[in-house]
Amino acid sequence: MSHGSRIGFVVFGLGRAGIIHSTNLIRNPQATLKWIVDIDEDKAKKFVKENFTDTQVIAPSDMERALLDPTVQAAVVATPTDMHEDIVMRCLRAGKAVFCEKPVAPTLEAIENCYKEADSQHLPLLCAFNRRFDPTVRSVFDRVRKDDIGNIQVVKTTSRDSPLPSEGFLRISGGIFHDCCVHDVDVICWMLGEAPHTVFCLAHAFHAYIGAMNDVDTIGVVMKFPSGAIGQIDLSRHAVYGYDQRVEVFGSGGMLTSDNQSSLCATYFHASGSTQNPIKFSFPQRYSEAYELEMNHFIDVIKRKDDLLISKDDVLRSFTVVEAIEKSFQTGQPVSL
């Protein structure tokens, strides 16, 4: 495949993430969005019409039409999580490179099998940990790797969602641990370049209907790493003031932070003090650039211009740690890995 050719894509699922990826593909000069596969065909057709594209829309029962299309080289899997494994495997067996929202599959064994299939087909499989592609978070990582702040002692993340996700979404999300906490685990392990040996978690459901789903909405996690570093995660499903996303890395020679971003970088100073604009409302606004860069990276990998920045081992590591964190919450005890 030439470096200048456009990559044909099929997108599975036009939900929250699917809309972001589809919009970015339509705008991307390196890509052509050929197909959208979604159970709500009317919604998908409306999206296509509003974006002035000739993308074809089909139901999941007709997905073979897209998989058999020789002009499609890649698939984006953004369906409810319980459908990921089947679609990933079908796409790989059809010869399509796969970009998948996390989790790739519901178990370690199933994730391993997906990556084995990708290897056997000589195709890339990218699990979409989008925060790694955020320029601010990436700049913190780069400085950590350059030893700018010496020996890393503590990494803290704060991730508080906005707005509170709908009850319908929460029921298909896979739960807060694998839906949300896995992002923070990935960032901390990525920053440190290692997995923790011990984790401890406390959590609570302040929203009764979330508790009725056997889920929680607020989590506190502490992790201890072989290097001696301590990781801390502060996670909530709902912050009324906006999408609260912070990373702090403390070392022997200083500290690095990735702070919240406002929609406008302006401050109003007056007699009573000062007023700042609210932070960005939700994840599509906060990580808009990360989503674009993530897709550009995937296209570069398909064109053999880059290597995958998120490996099978990275994905398995984060999944294993999150499983241990959830077990700690359930048992009320620290869990060793």
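Let me begin with helix α2, where the face turned away from the buried side carries the exposed residues Asp42, Lys46 and Lys49. Please keep in mind throughout that what we are looking at is a predicted model.

On the buried side of α2, which spans residues 41-50, we find Ala44, Phe47 and Val48. These three cover an arc of only 100 degrees around the axis, which puts them on the same side of α2.

In general, the strands of a sheet pair through backbone hydrogen bonds, and they may do so either parallel or antiparallel. Here we have an open sheet of 6 strands, with parallel pairing, and if you follow it across the order is β3-β2-β1-β4-β5-β6. The edge strands are β3 and β6, the latter at 125-127, and each of them pairs on one side only. From one strand to the next, the twist averages 20 degrees. Looking at the β6 end, strand β5, residues 97-100, pairs with β6 in the parallel sense over 3 bridges, and phenylalanine 99 stands opposite leucine 126 in β6. Helix α4, residues 84-93, lies across β1, β4, β5 and β6, and it runs at about 160 degrees to β5.

Now let us turn to a pair of helices. Helix α8, residues 176-192, packs with helix α12, residues 312-331, at an angle of about 120 degrees, and their axes are 9 Å apart. The two helices are therefore oblique to each other, and their crossing is right-handed. Among the residues that meet here are Phe177, Val185 and Trp190 in α8, and Phe319, Val322 and Phe329 in α12.

Finally, I would like to show you arginine 131, which sits in the loop between β6 and α6. Is this arginine buried or exposed? Arginine 131 has a relative accessible area of 10%, and because buried means under 20%, arginine 131 counts as buried. If we leave aside its neighbours within four places in sequence, its contacts include Val137, His183, Asp184, Tyr243 and Tyr287. As for proline 70, that residue and arginine 131 are 61 residues apart in sequence, and from C-alpha to C-alpha they are 32 Å apart in space.

Conventions. Residues numbered from 1 in each chain as written. Predicted model: local features only at pLDDT ≥ 70, side-chain atom pairs only at ≥ 80, totals over all residues. Heavy atoms only, no water. Buried < 20%, exposed > 50% of the residue type's maximum accessible area, 1.4 Å probe, protein only. Helix = DSSP H or I, 4+ residues; strand = E, 2+ residues; numbered from the N terminus. Arc of directions from axis to C-beta. Pairing = 2+ DSSP bridges. Axes fitted to C-alpha atoms, helices over the stretch in contact; angles between N-to-C directions. Contact = heavy atoms within 4.5 Å. Parallel < 35°, antiparallel > 145°, perpendicular 65-115°, else oblique. Left-handed = near helix turned anticlockwise from the far one by under 90°.
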